[in-house]
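Here is a friendly walk through the model for someone opening it for the first time. Please keep the viewer beside you as you read the numbered points.

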Amino acid sequence: MADLHIVGGSRDVAIVAGRVADAPASGSPVLDARGLLVAPGLIDLQVNGAAGHDLTTCPERIADVARHLVRHGVTAFLPTVITAPPDAYTQAQRAIGSWRQDGASATPLGLHFEGPMLSPRRPGAHPVWHLRSAAVPLIEGWSRAAGVALVTLAPELPGAAVVIDELRRRGVIVSLGHSEASLVETRAAVDAGASAITHLYNAMGALEHRRPGLLAAALAGTVDVTCGLIADGVHVSDAALALAFRALGADRIVLVSDAMAALGLPLGARTFLGQLAVTLTVDGVRDAGGRLAGSAAGLDVGLRRLREATGALVGDVLATATSTPARLLGIDDRGHLGVGAVGDVVLLTPGLDVVHTVIGGRPVSWFSARQLSL
Ligand code: ZN
């Protein structure tokens, strides 16, 4: 944990012993932020992998993924395990339990289990043969204290309400997704304790004006939920991004990358999402049948896309990747740069290109082709 004084940017930030302070320590190193936006480190709630590593099959690679994410301005994330056999979930819990900060990595704040209690009608790229109905024995050992921060499930599955209530009691955020839930089923799930929706628009029923479901409930504000949104330019059109932003605002939208092993690999690379073989194409990450299987775009790409699509203020766009995800997770020392917050900071150009990421007061910097235009 280090001291640092960030000066000359959109705001000055003093970090003392890894935390934001109201004044710099004497002799503190200075980071020149002239011309740059100074924002809290980004928080990504859906990261399946990066740099060739898939976290469903190899959760012991959390450290490699964590190290990669800082390039994208991400300083905290939820390693995400898709639908898999029960062992995969316990292995991931073991892996996150043994992770240690090395001073240059994003911090895993807990796991996101996306499955296996999903609708077989909306599996996306998940293996349907591992899908399960909702049942309390299935979530044995799943709790915030045991490393599980968020679970995505389909609320229309029989038994879902009991599972949602149980997870909430154990401090786990429940997010609804991979679902064809009706309005009534969505409401019941939120009443039982669900507080989020996973990747709005993707892997759910479309907006049907005579038969509203999960999507309509979210956009209309019928239920009080925070919605994950993938803005990689492939998963959701710009018009649909703008609609969600207009309906929900920065307080109810969490930008997620849904990044998978292909993040950081060259175009044409072949890799895996869980057991599924995929290729990185110009039109996103696709399996042999052309289905989308996660994203190869970092969260910074999403920020730029979201701003372009919505014309929103930079502060509002940044909120979807900082204060809003922190609030959803119930974490009060991240997502802002008030005194006492973790000293994780991202410095961006006005065009939202990442220039420096600071971890616990220590700048982790690099030089990329995009930054040559500075
Ligand atoms: Zn998904």
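1. An α-helix has 3.6 residues a turn, so residues three or four places apart point the same way.

2. A word on what you are looking at: this is a predicted model, in which local features need pLDDT of at least 70 and side-chain atom pairs count only at pLDDT 80 or more, while totals for chains, interfaces and linings use all residues. Residues are numbered from 1 along each chain as its sequence is written, and side-chain values use heavy atoms, with hydrogens and water left out.

3. How far does α2 reach from its first C-alpha to its last? The helix has 12 residues and spans 17 Å, close to the 16 Å expected at 1.5 Å a residue. The expected span is 1.5 Å times one less than the number of residues. Helices (H or I, at least four residues) and strands (E, at least two) are DSSP runs, numbered from the N terminus.

4. Next, the aromatic rings. The structure holds 3 aromatic pairs. Rings of Phe, Tyr and Trp (its six-membered ring) pair if their centres lie within 6.5 Å; planes under 30 degrees apart count as stacked, over 60 as edge-to-face and the rest as tilted. One of the pairs is Y89 with W142, a tilted one with 5.4 Å centre to centre and 50° between the planes. This pair links distant parts of the chain, with Y89 in α2 (residues 86-97) and W142 in the loop between β11 (111-114) and β12 (148-153), 53 residues apart. Y89 is buried at a relative accessible area of 3%, and W142 is likewise buried at 3%.

5. W142 has another ring partner: F113 and W142 are edge-to-face, at 4.7 Å centre to centre and 65° between the planes. F113 lies in strand β11 and W142 in the loop between β11 and β12, so this pair ties together parts that are 29 residues apart in sequence. F113 is buried, as is W142.

6. While you are in the loop between β11 and β12, look for E140. Is E140 buried or exposed? With a relative accessible area of 65%, E140 is exposed. The C-alpha atoms of E140 and T90 are separated by 9.9 Å, although these residues are 50 apart along the chain. P116 sits in the loop between β11 and β12 too, and the peptide bond from G115 to P116 is cis, with omega near 5°.

7. Which residues coordinate the zinc ion? They are E114 (OE), H178 (NE2) and H199 (NE2), at 2.0 to 2.1 Å. Their spacing in sequence is E-x63-H-x20-H. H178 lies in the loop between β13 (173-176) and α4 (183-192) and H199 in the loop between β14 (196-197) and α5 (214-220), so the two tie together parts that are 21 residues apart in sequence. H178 is buried at 4% relative accessible area, and H199 is also buried at 4%. Donors are N, O and S atoms within 2.8 Å of the metal (3.2 Å for Na, K and Ca), and water is not among the atoms, so sites may look incomplete.

8. Two backbone angles deserve a look. Most residues other than glycine have a negative phi, and most peptide bonds are trans. Y201 has a positive phi of about 85° although it is not a glycine; Y201 is found in the loop between β14 and α5 and counts as buried at 19% relative accessibility. L352, also not a glycine, has a positive phi near 70°. L352 lies in the loop between β20 (345-348) and β21 (354-359) and is buried at 1%.

Note on methods:
Buried means under 20% relative accessible area, exposed over 50%, partly exposed in between (1.4 Å probe, protein chains only).
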